Amino acid sequence: MTDMSGPGSPLRISAQVHVRADPHDVWNLMTDWSRQHEWIWATRVRGGQGLGATVVGWTGVGPVGFSDTMVISEWDPPLRCVVRHTGRLVRGSGIFEVIPVGEEAEFRWTEELELPLSPAMGRMARLVIKPMAEAGLAASLRRFARLF
């Protein structure tokens, strides 16, 4: 896949990690929203399971942060979960994939974010936001893998 980086197109951010665990166990932890704070810094999440379920995240420290509302738009256990971000601040899709590798797994997390910016500001934001966001995703996934 390529980064969709034209004006008005989503910003694509992705990272993956090898997890020394059974793919089903990776799926179960990945979709246990209440445990995401164990591997995603400054985030608290709650929500349901399955197609159409809602998920609500809070990202921030103390009272400073934002709410991220989502709806599960794809649910294919133990391989793929897609959430559609429906909030005012965060829009787009979050894609969580478990790729079996023998008895272990690769966990890939991709965000396709719609930035509410002008084309010129969008291009500049991509230069700054993309590398920082990918580093953050990669750090979260490393923390995830250490839970096994």
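**Exercise 1.** Identify the residue of β4 that is the bridge partner of Val56, and describe the strand pairing to which this bridge belongs.

*Solution.* In this predicted model, the bridge partner of Val56 in β4 is Thr69. Strand β4 covers residues 64-76 and runs antiparallel to β3, to which eight bridges join it; strands here are DSSP runs (E, at least two residues), numbered from the N terminus, and two of them pair if DSSP finds at least two bridges between them. Turning to the hairpin of β3 and β4, two residues lie between the strands, and Gly62 takes a positive phi near 60 degrees.

Residues are numbered from 1 along each chain as its sequence is written. Because the model is predicted, local features need pLDDT of at least 70 and side-chain atom pairs count only at pLDDT 80 or more, whereas totals for chains, interfaces and linings use all residues, and side-chain values use heavy atoms, with hydrogens and water left out.

**Exercise 2.** Determine how β2 pairs with β3, and which residue stands opposite Arg44.

*Solution.* Strand β2 (residues 43-47) and strand β3 (residues 54-61) are antiparallel and share five bridges. Within this pairing, Arg44 stands opposite Trp58 of β3. The hairpin of β2 and β3 has six residues between the strands, and there Gly50 adopts a positive phi near 95 degrees.

**Exercise 3.** State what confidence the predictor assigns to the chain.

*Solution.* The mean pLDDT (the predictor's confidence in each residue, from 0 to 100) is 92 for the chain, with 95% of its residues reaching 70 or more. Over residues 1-6, however, pLDDT stays under 50.

Technical notes
Contact means heavy atoms within 4.5 Å. Helices (H or I, at least four residues) and strands (E, at least two) are DSSP runs, numbered from the N terminus.
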